[in-house]
Amino acid sequence: MNNFNWDTGFSVDFDLQTGLSGQAVTTKRRLSQMVDTFYDSEAARKMVEEQGDPLVYEFHELGCPERAGDLAFGTTVLYPGKVGNEFFCTKGHFHTVLETAEVYYTLSGKGVMVMENPEGHTVEIPMSKGGAVYVPRRYAHRTVNTGDQPLIFFYTFAADAGHDYGTIETRGYHHLITDDGKGGWKTEDNPHWRDA
Ligand code: S6P
Ligand code: ZN
């Protein structure tokens, strides 16, 4: 447990030098927990068996009360890797309160913020050190590591926003972010996307 006082204030050391092993506990997502996130889920299962279930990402959940007026925040580390041609990414989610935005600030690495709204409008915004990305209200958000180093970013959002993972788990994303074979990334339509 921690001593974060959400009523009188506190500071927290994210301890980025030692891979988030400081005072703030992280939630970890291994590939076995998200094989169906990737287009080639069979390749993901094979990687789990043959490569010892790699850690895809971890992020802080500091225990911010889910009440109006508070700001939840933390740091995410998304590790480099690929499943087939598709870069490692987070699961991605809508906020349960759809009309809530979020801000991401990239501390190191490079990647892409992949967003789409319920009407199917899609937006991809590159992420690199020193850049802030505004995730607008109503947009699902997923981060993708397109580099060969960890992508590390700070995030903050309204604490009562809630997380809807089910919609993305059921429908998938419209777009996949894949290796372009030239050291960069490209967007491909996801053949598995379902208009459920
Ligand atoms: C929460 C915020 C981030 C993500 C984290 C992991 O609103 O967007 O903290 O939770 O980057 O991604 P995901 O999609 O597994 O929640
Ligand atoms: Zn969010």
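About 50 Å³ of space lies in the largest cavity. The model is a predicted one, and a search of the whole structure turns up one cavity of 30 Å³ or more. Start there.

**Stop 1: the cavity lining.** Select Glu86, Phe87, Cys89, Val114, Arg142, Val144, His175, Leu176 and Ile177; these residues line the largest cavity. By class, six are nonpolar, one is polar and two are charged.

**Stop 2: the strands around the cavity.** Color strand 5 (86-87), strand 11 and strand 14 (175-179). Each gives at least two residues to the lining of the largest cavity. Which strand supplies the largest share of that lining? Strand 14 does, with three residues.

Stop 3: Keep strand 11 (residues 140-145) on screen, since histidine 141 lies in it. Now select ligand 2, the zinc ion, with His93, His95, Glu102 and His141. Along the sequence, the donor residues follow the spacing H-x1-H-x6-E-x38-H.

Next, pick out histidine 95 in strand 6 (residues 94-95) and histidine 141 in strand 11. The pair ties together parts that are 46 residues apart in sequence, because the two histidines sit in these separate strands. Are they buried or exposed? Histidine 95 is buried, and histidine 141 is buried too.

**Stop 4: the angles.** Ideal angles for six octahedral donors are 90 or 180 degrees.

Methods. Residues are numbered from 1 along each chain as its sequence is written. Chains are lettered from A and ligands numbered from 1 in the order in which they are written. This is a predicted model: local features need pLDDT of at least 70, side-chain atom pairs count only at pLDDT 80 or more; totals for chains, interfaces and linings use all residues. Side-chain values use heavy atoms; hydrogens and water are left out. Donors are N, O and S atoms within 2.8 Å of the metal (3.2 Å for Na, K and Ca); water is not among the atoms, so sites may look incomplete. Helices (H or I, at least four residues) and strands (E, at least two) are DSSP runs, numbered from the N terminus. Buried means under 20% relative accessible area, exposed over 50%, partly exposed in between (1.4 Å probe, protein chains only). On a 1 Å grid over the protein atoms alone, a cavity is a set of points where a 1.4 Å probe fits but cannot get out, and a pocket is an open set with protein on both sides within 12 Å along at least five of seven lines; lining residues have an atom within 4 Å of a point. Grid points are joined across faces, edges and corners, and a volume is the space filled by probe spheres set on the points. Ala, Val, Leu, Ile, Met, Phe, Trp, Tyr, Cys and Pro count as nonpolar, Asp, Glu, Lys and Arg as charged, and the others, Gly among them, as polar.
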